[in-house]
Amino acid sequence: MINLFNFFESRFPAIKKIIWKAIYNFLAWRFPTSEWFFMNYGYDNPEDELNLLPEDEKNRYFIHLYAHTLSQVELSGRDILEIGSGRGGGSEWIARTQNVSSMTGLDLSDSAVNLCNKNHKVPNLAFKQGDAEQLPFPDKSFDIVLNVESCHHYPNLGTFLQEVKRVLRPGGYLCLADYRERTELDEFKEQLSECDLELIRSTNITGNVVNALNLTDHLKLSIMQRYVPWFLLDMVKTFASVKGTELYNRFVDGRVVYISAMLQKNPAT
């Protein structure tokens, strides 16, 4: 199924946005449960010290991916934009716990944005519908742009990176975590290296993500058993990369590689 979907996306990139918007609108409509606020695959590194509030422990590995991706930037007092905020768990955690000035979550799915605005009530947090390749914000609006498991959906990564540069303030950062087929990895790294942002760090975290997938498998299956009808179960399992699915196996054997990266806008521009 993944091979067929990847082939379809590669042949018809212009409709990629339409496909994924429909998928995420459906997920927000069909599964509005408050038990499912995070959609990322997670991150585990026992050597990292991550102190969480008791209410956040159940989402430790999903939050850890956010903490790792943002680990080299100062968050306190900053204006932060998450592009591809999904069900809003990451943006809500940052707004609630990291002493930021403002946290904005942007998503293409209007249903996901409505779900976030309904479920997440934090004073310095806002969610907005919009396109990653046509960001609805003025120039130099944010200190940090965050993008987690989202940019592989975009038809034109270069356009996205140019928009990120536009809305970042001088010296601002793009913190990114996403995966690619191994055959696409060199192209992805080249696009990051050659854009108008300086690539500060690029790290292969596939092993950390696989660890998190293993540790959260029971949680995902428990939620699916309660909320997902039988005829959608295989599709949702693959989407969530639970053990035994094709995507999970591709992570394990290295055919799919997960990268975290940090890029910086020139402080003089």
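Let me start with helices H8 and H9, which are roughly antiparallel to each other, a label that applies to angles over 145 degrees, helices being DSSP runs of H or I with at least four residues, numbered from the N terminus. This is a predicted model, in which local features need pLDDT of at least 70 and side-chain atom pairs count only at pLDDT 80 or more, while totals for chains, interfaces and linings use all residues. Residues are numbered from 1 along each chain as its sequence is written, and side-chain values use heavy atoms, with hydrogens and water left out.

The axes of H8, residues 206–227, and H9, residues 233–240, come within 11 Å and cross at roughly 150°, where axes are lines fitted to C-alpha atoms over the stretch in contact, and angles run from 0 to 180 degrees between N-to-C directions. On the H8 side, Leu213, Lys220, Leu221 and Met224 meet Leu233, Val236, Lys237 and Ala240 of H9, contact meaning heavy atoms within 4.5 Å. By class, the residues of this contact are six nonpolar, no polar and two charged.

Turning to helix H3, residues 60–69, seven of its ten residues are buried, so it is largely enclosed by the rest of the structure, where buried means under 20% relative accessible area with a 1.4 Å probe, protein chains only. Among the buried residues of H3 are Phe62, His64 and Thr69.

Definitions and conventions: Buried means under 20% relative accessible area, exposed over 50%, partly exposed in between (1.4 Å probe, protein chains only). Helices (H or I, at least four residues) and strands (E, at least two) are DSSP runs, numbered from the N terminus. Angles under 35 degrees count as roughly parallel, over 145 as roughly antiparallel, 65 to 115 as roughly perpendicular and the rest as oblique. Ala, Val, Leu, Ile, Met, Phe, Trp, Tyr, Cys and Pro count as nonpolar, Asp, Glu, Lys and Arg as charged, and the others, Gly among them, as polar.
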